[in-house]
Amino acid sequence: MRIAVIGTGGVARTLAGALARKGHDVVLGSRDPQAALARDDVNPQTGTTLAGWSQANPSVRIVPNANAVAHGDTVWNATSGPTSVATLHDAGVADLDGTILLDLTNPIVRSDAAVTLDPIGTDSNGERIQRAFPGVRVVKALNTVTAAVMVDPASLAGGDHTLPICGNDADAKREVSGWLAEWFGWRDVLDIGDLSAARAQEAYLLFWLRLMQTAGGSLVSTKVVR
Ligand SMILES: NC(=O)c1ccc[n+]([C@@H]2O[C@H](COP(=O)([O-])OP(=O)(O)OC[C@H]3O[C@@H](n4cnc5c(N)ncnc54)[C@H](OP(=O)(O)O)[C@@H]3O)[C@@H](O)[C@H]2O)c1
């Protein structure tokens with residue numbers, strides 16, 4: 001499948017690398033590929049610069065966001081949450097019709113006092129994206145675990161955990177659930193409803209941060225027992 005992963009951070013790289021190893025035709029979208037490749041910061045999740053990661057993953061092309069969106073049968077949004085709508089708008093997502101957009105963002109706002117989310121409670125980034133781009137079918141998933149767990153749930157964080165998923169389109173949710181099971185090995189994907197459930201799914205980040213602090217690391221997750 002042709003998959004466009006928008007963003008070049010740790011999440012985008014982790015997903016793109018795993019998808020490419022599964023044989024998919026994956027592109028990474030960047031606002032400015034040359035500038036991103038020239039940056040010398042080492043991403044803690046991949047342990048490399050983007051240029052180093054690119055050398056190790058030569059089948060994944062890094063292209064301007066608009067080219068990535070045009071390439072993908074599906075678009076995966078791994079951009080910084082508060083800026084997602086603007087970035088996706090510049091990438092031409094408004095022109096898509098029926099494409100599944102998998103949104104895995106958290107709209108994190110950091111200050112000296114605390115980490116919080118904006119929006120929170122009465123709206124969500126998933127819903128903002130759906131309102132801005134009514135032609136795409138937004139599915140929210142993967143935002144509740146760290147990048148490594150997204151692509152290897154069976155081996156990490158205890159191996160038996162639940163991944164919530166939500167969205168307004170039942171067929172799109174079924175399709176994404178199938179991808180996550182087949183490509184990454186997710187065994188317990190729990191549909192928690194329409195896209196308004198993204199409010200809860202994003203707010204979970206605040207609980208997850210506490211779990212991470214308590215557990216002493218990011219390889220922590222939850223199981224819904226029912
Ligand atoms: N880190 C995790 O394990 C984790 C887990 C669950 C969910 N998430 C969510 O997944 C998303 C990606 O996470 P990440 O850690 O990979 O984030 P990140 O390092 O902050 O990367 C975000 C990417 O977004 C792109 N971007 C587009 N417009 C931007 C703007 N105006 N300002 C800054 N960056 C912009 C940048 O790529 P270009 O500069 O190349 O355009 C950047 O590489 C976030 O929403 C995060 O909350 C992360």
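**Figure 1. Residues P153, A154, G159, D160, H161, G185, W186, R187 and D188 line the largest cavity.** This view comes from a predicted model, in which local features need pLDDT of at least 70, side-chain atom pairs count only at pLDDT 80 or more, and totals for chains, interfaces and linings use all residues. Residues are numbered from 1 along each chain as its sequence is written, and side-chain values use heavy atoms, with hydrogens and water left out. The volume of the largest cavity is about 60 Å³, and the count is one cavity of 30 Å³ or more. Here a cavity is a set of points, on a 1 Å grid over the protein atoms alone, where a 1.4 Å probe fits but cannot get out; lining residues have an atom within 4 Å of a point. Grid points are joined across faces, edges and corners, and a volume is the space filled by probe spheres set on the points. Rolling a probe the size of a water molecule over the atoms shows where empty space is left.

**Figure 2. The largest pocket holds about 1000 Å³ of space.** A pocket, unlike a cavity, is an open set of points with protein on both sides within 12 Å along at least five of seven lines. There are 39 lining residues, and V11, A78, T79, S80 and G81 are the closest to the pocket's centre. Two or more lining residues come from each of α1 (10-21), β2 (25-30), α2 (33-38), β6, α7 and α9. Helix α9 gives the largest share of this lining, four residues. Helices (H or I, at least four residues) and strands (E, at least two) are DSSP runs, numbered from the N terminus.

**Figure 3. Ring pairs join W76, W179, W183 and F184 into a cluster.** Searching the whole structure turns up five aromatic pairs. Rings of Phe, Tyr and Trp (its six-membered ring) pair if their centres lie within 6.5 Å; planes under 30 degrees apart count as stacked, over 60 as edge-to-face and the rest as tilted. W76 and W179 are a stacked pair because their ring centres are 6.4 Å apart and their planes meet at 25°. This pair links distant parts of the chain, with W76 in strand β4 and W179 in helix α8 (residues 170-184), 103 residues apart. W179 and W183 also form a pair, with centres 5.3 Å apart and planes at 5°, so this pair is stacked. W179 and W183 are four residues apart in helix α8, so about one helical turn separates them. Buried means under 20% relative accessible area, exposed over 50% and partly exposed in between (1.4 Å probe, protein chains only). W179 is buried at 7% relative accessible area, and W183 is buried at 10%.

**Figure 4. Helix α9 carries a kink of about 30°, centred on L206.** The bend at a residue is the angle between axes fitted to the seven residues ending there and the seven starting there. With 18 residues, α9 reaches 25 Å from its first C-alpha to its last, close to the 26 Å expected at 1.5 Å a residue. That expected span is 1.5 Å times one less than the number of residues in the helix. The buried residues of α9 are A198, Q201, E202, Y204, L205, W208 and L209. These buried residues pack against β5, β6 (108-110), β7 (115-117), α6, β8 and β9 (163-167), where contact means heavy atoms within 4.5 Å. Just past the end of α9, G216 has a positive phi of about 80°.

**Figure 5. In helix α6 (residues 125-132), N125, G126, E127, I129 and Q130 are buried.** The packing partners of these residues are β4 (74-77), α5 (84-90), β5 (100-103), β8 (137-141) and α9 (198-215). The loop between β7 and α6 contains P119. A cis peptide bond runs from D118 to P119, with omega near 10°.

**Figure 6. Two residues with positive phi, L142 and A157, are not glycines.** L142 has a phi of about 75° and lies in the loop between β8 and α7 (147-151). With a relative accessible area of 0%, L142 is buried. A157 has a phi of about 55° and is found in the loop between α7 and β9. A157 counts as partly exposed, at 21% relative accessibility.
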